[in-house]
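Here is a note for a colleague who is opening this structure for the first time. Please keep the model in view while reading the numbered points.

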Amino acid sequence: MKRVVIVRHAKAVPYGYDDDFNRKLRDRGKNDANQISLKLIGDGIKADLIISSPAKRALKTAEIYAENFRYSIHSIQIEEDLYEGMTTQEFVDLLREISEEVQTVFVFGHNPLVYHLTNNLVKLFNSDMPTCSTVAVDFDVESWKEVSARGGDLAFHLTPRMLK
């Protein structure tokens, strides 16, 4: 089995849209990322690979998860197109390039992209993606090369409100 965990960045400052790329996380966003990642650890989930948008709010969210997972923040793979936008097929192609030793990859990005990717990877996704939403999609395959759109099953969907 291969698992893709898609995370929308945590709550960012509500200003600075003229410099959207450099918007920082709010304290609430940092706390939400901490809570969700600690819940995942408690559930026995870990990251073999972390890929993030280069935008500050997504990368900081990824770093919080990484620190809690004891995953080197220097090993976070930056993918420009997670900020600039990519099609579902481009995302699947990215997944197909992942080393076979990796079982679980975490991907940090932005709406509407993370919503569309989630919706297009599973057979049915009937929810939204508020900030810090964390969705796991499981693929019943042996190789990343076998991952396909609509080929995954929704394993879980966590949001900060669920943990309150």
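1. The axes of helix 4 (residues 88-96) and helix 5 (residues 113-121) come within 10 Å of one another and cross at roughly 75°, where axes are lines fitted to C-alpha atoms, for helices over the stretch in contact, and angles run from 0 to 180 degrees between N-to-C directions. Helix 4 is therefore roughly perpendicular to helix 5, on a scale in which angles under 35 degrees count as roughly parallel, over 145 as roughly antiparallel, 65 to 115 as roughly perpendicular and the rest as oblique. Helices (H or I, at least four residues) and strands (E, at least two) are DSSP runs, numbered from the N terminus.

2. This is a predicted model, in which local features need pLDDT of at least 70 and side-chain atom pairs count only at pLDDT 80 or more, while totals for chains, interfaces and linings use all residues. Residues are numbered from 1 along each chain as its sequence is written, and side-chain values use heavy atoms, with hydrogens and water left out.

3. Which residues bring helix 4 and helix 5 together? From helix 4 come Thr88, Phe91 and Val92, and they meet His116, Leu117, Asn120 and Leu121 of helix 5, contact meaning heavy atoms within 4.5 Å. By class, this contact of helix 4 with helix 5 has 4 nonpolar, 3 polar and no charged residues; here Ala, Val, Leu, Ile, Met, Phe, Trp, Tyr, Cys and Pro count as nonpolar, Asp, Glu, Lys and Arg as charged, and the others, Gly among them, as polar.

4. Helix 2 (residues 56-69) has 14 residues and reaches 20 Å from its first C-alpha to its last, close to the 20 Å expected at 1.5 Å a residue, the expected span being 1.5 Å times one less than the number of residues. Its buried residues are Arg57, Ala58, Thr61, Ala62, Glu63, Ile64, Tyr65, Ala66 and Phe69, where buried means under 20% relative accessible area, exposed over 50%, and partly exposed in between (1.4 Å probe, protein chains only). The cover over these buried residues of helix 2 includes strand 1 (2-8), helix 1 (27-42), strand 2 (49-52), helix 3 (81-84), strand 4 (104-109) and strand 5 (134-139). Arg70, which follows helix 2, has a positive phi, near 60°.

5. The largest nonpolar core has 50 residues, and those with the most contacts inside it are Val4, Leu40, Ile50, Tyr65, Phe91, Val105 and Phe106; such a core is a set of buried Ala, Val, Leu, Ile, Met, Phe, Trp, Tyr and Cys residues joined through side-chain atoms within 4.5 Å. The largest share of this core, 5 residues, comes from helix 2. Not counting residues up to four places away in sequence, Ile50 touches several residues, among them Ala62, Ala66, Phe106 and Phe108.

6. Is Asp32 buried or exposed? Asp32, which is found in helix 1, is buried, with a relative accessible area of 2%. Leaving aside its neighbours within four places in sequence, Asp32 is in contact with Cys132, Pro160 and Lys164. Cys132 itself lies in the loop between helix 5 and strand 5 and is buried at a relative accessible area of 0%; its phi is near 70°, a positive value in a residue other than glycine.

7. Two further backbone details deserve a look. Most residues other than glycine have a negative phi, and most peptide bonds are trans. Arg150, in the loop between strand 5 and strand 6 (153-158), has a positive phi near 65° and is partly exposed, with a relative accessible area of 41%. A cis peptide bond, with omega about 5°, joins Asn111 and Pro112, and Pro112 is found in the loop between strand 4 and helix 5.

8. Ile98 lies in the loop between helix 4 and strand 4 and counts as buried at 8% relative accessibility. Although Ile98 and Leu49 are 49 residues apart along the chain, their C-alpha atoms are separated by 8.8 Å, and Ile98 is in contact with Leu49, Val105 and Trp144 once its neighbours within four places in sequence are left aside. Ile78, in strand 3 (residues 77-78), counts as partly exposed at 38% relative accessibility, and it touches Ser52, Pro54 and Leu59, not counting residues up to four places away in sequence.
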